[in-house]
Amino acid sequence: MFFLDDDLQITRIAGTLAEWLDHEHETLLGEPVTAVVAQADVGALQTALSRVIETQTAQTVACRFVVDGETVPVSIDFAPVAAESTLGAVIGTVHRETVPEERSSAQLVRLRNFIELLDDAAVVYELVDGEPLVQAVNSAFEGTFGYQPEYIVGESLNDYIVPAEYQAEAARFDEQVADGNVTTELVRRQTTNGVQEFSYRGLPIDRTEGHLYGLAIYADMTETQHARQHLHVLHRVLRHNVRNDLTVILGMAEQISDNATTPEVTDAASRIISHAEDLAGVSEKARMAENMLGDSPSDTIVEVGGSASEVVADARRKWPNATIETDIETPVAVSTGLEIKDAIENLVENAVTHNTGSPTIRVTTRTETPIHATTRATGQNVVITVEDDGPGIPEYEQAVIFEGADVTQLKHGSGLGLWVVRWIVESADGSVSYDRADGWTTITLRLPLATDVEDSPENGAVNLDSR
């Protein structure tokens, strides 16, 4: 820090700054500030100081000090001093520009401190001739892969944790980071406990003075995969046993019903058959849920209008007493795979089976353009609504499925069909909403319109059918 008078001469200067400039403190007092600045930067310095004095506003100037015959880049913040001050007219604060080596070292310390806060294994590396040379690792990395910093720093990360059969894959990820891209993949890496599966994230974090740094984070997926396998086995065993037992129960109940000699026995057999069929329905929905949670989201493009029309046709045959009205726009496409038909089927089935009278159901599909979008190919949604005049969804199911309440509020298998609907829609980046008004229940599915399908002359056609 230093002070200047109106003639831009130094009136005060910090001892540390004078020492850095390789001058005695007293020799600089009374000297013009331009005496320590490179000649080529004097004009810019004088211009900035003139503005400070004339406008009484702060100015910042980049210039070079001359230190022991060498020029050193600095940045100086100038600000006016109160008129009554005896220190001078202008105060200057010097900020030395960090040289590349110092900047890299300081950044590495910050990165090392950052990754130490992560629960997952993390490593900072520098890409040199395509090789990720380790610069820092965190404690989780040491525990997972078994390498301490002093052993692995400076070495190629791929040589130590990437199995031979995945070397080409790792090199491809390094290229993506070198190109400035974030990479997220499931990978297998060598650990202290053998080869394990990780969710890998590779991020480019800096490109300075010819150096390119990256960050790799490895989230252990082993427990998740084991839990998924256990759940899959449990589902298969339970559904297999339930299906076999239900087949026996339904067969015996039908025999009892056929041979019943009293109304009481006939009624009991009918109730057994009804409850067994309900349980079979729950088992089928559990199968859908297992498939949804176990597989990667489908990106198959499906025409929603056709799927909705098929669901309605099947429902009319299955429940002839139900009135099902439609207003279906075709073609409208979404990237959900064939599961979207399962979602619509579940909604229509719920609407029919939970209505004690003769239900009326309305099924509509249409496109909507949010206020920020102006073209059919940009930002549009497909909206599917299923309305019915039944009693509505119980409050505890609404709270869990639509409002995020504790799942323990669900009772037995209730609401499973709606969970399937929600998972199908959310896997395609869509949303589900519920409304109850004027005796009508409305469930709305909102999905991004698939933009990979070219518009055709039929787009916008409407299929009206209110039988």
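## Strands 16 and 17

V432 has L445 as its bridge partner in strand 17. Strand 16 covers residues 431–437 and strand 17 covers residues 440–448. The two pair in the antiparallel sense over 7 bridges. Pairing here requires that DSSP finds at least two bridges between two strands. Strands (E, at least two residues) and helices (H or I, at least four) are DSSP runs, numbered from the N terminus. The hairpin of strand 16 and strand 17 has 2 residues between the strands. D438 takes a positive phi near 55° there.

This is a predicted model, in which local features need pLDDT of at least 70, side-chain atom pairs count only at pLDDT 80 or more, and totals for chains, interfaces and linings use all residues. Residues are numbered from 1 along each chain as its sequence is written, and side-chain values use heavy atoms, with hydrogens and water left out.

## Strands 3 and 4

Strand 3 (residues 59–67) and strand 4 run antiparallel, joined by 9 bridges. T60 has D77 as its bridge partner in strand 4. These strands form a hairpin with 2 residues between them. In the turn, D68 has a positive phi of about 55°.

Strand 4 spans residues 70–80 and contains E70. E70 counts as exposed, at 55% relative accessibility. The cut-offs are under 20% relative accessible area for buried, over 50% for exposed, and partly exposed in between, with a 1.4 Å probe and protein chains only.

## A negative patch and a loop contact

D68 and E70 also belong to a negative surface patch, together with D22, E24 and E26. Patch residues have over 30% relative accessible area and no salt bridge; like charges are joined within 9 Å, and nonpolar side chains (Val, Leu, Ile, Met, Phe, Trp, Tyr) within 5 Å. Asp and Glu count as negative, Lys and Arg as positive; His and the chain ends are not counted. Each charge is placed at CG of Asp, CD of Glu, NZ of Lys or CZ of Arg. Areas come from the Shrake-Rupley method with a 1.4 Å probe.

T86 sits in the loop between strand 4 and strand 5 (90–96). T86 is exposed, at 71% relative accessibility. T86 and D5 are 81 residues apart in sequence. Their C-alpha atoms are 9.5 Å apart in space.

## Salt bridges

Side chains of opposite charge can pair when their charged atoms come close. A salt bridge is a side-chain nitrogen of Lys or Arg within 4 Å of a carboxyl oxygen of Asp or Glu. The count by this rule is 8 salt bridges.

D120 forms a salt bridge with R201, with the closest N and O atoms 3.4 Å apart. D120 lies in the loop between helix 4 (100–115) and strand 6 (121–128), and R201 in strand 9 (residues 194–208), so the pair ties together parts 81 residues apart in sequence. D120 is partly exposed at 28%. R201 is partly exposed at 31%.

## The E325, R362 and E387 network

Salt bridges link E325, R362 and E387 in a network. E325 pairs with R362, the closest N and O atoms being 3.6 Å apart. That pair links strand 12 (residues 323–330), which holds E325, to strand 14 (residues 360–368), which holds R362, 37 residues apart. The salt bridge of R362 and E387 has an N to O distance of 3.9 Å. E387 lies in strand 15 (residues 381–388), 25 residues from R362.

Which of these residues are buried, and which partly exposed? E325 is partly exposed, with a relative accessible area of 26%. R362 is partly exposed at 30%. E387 is buried at 18%.
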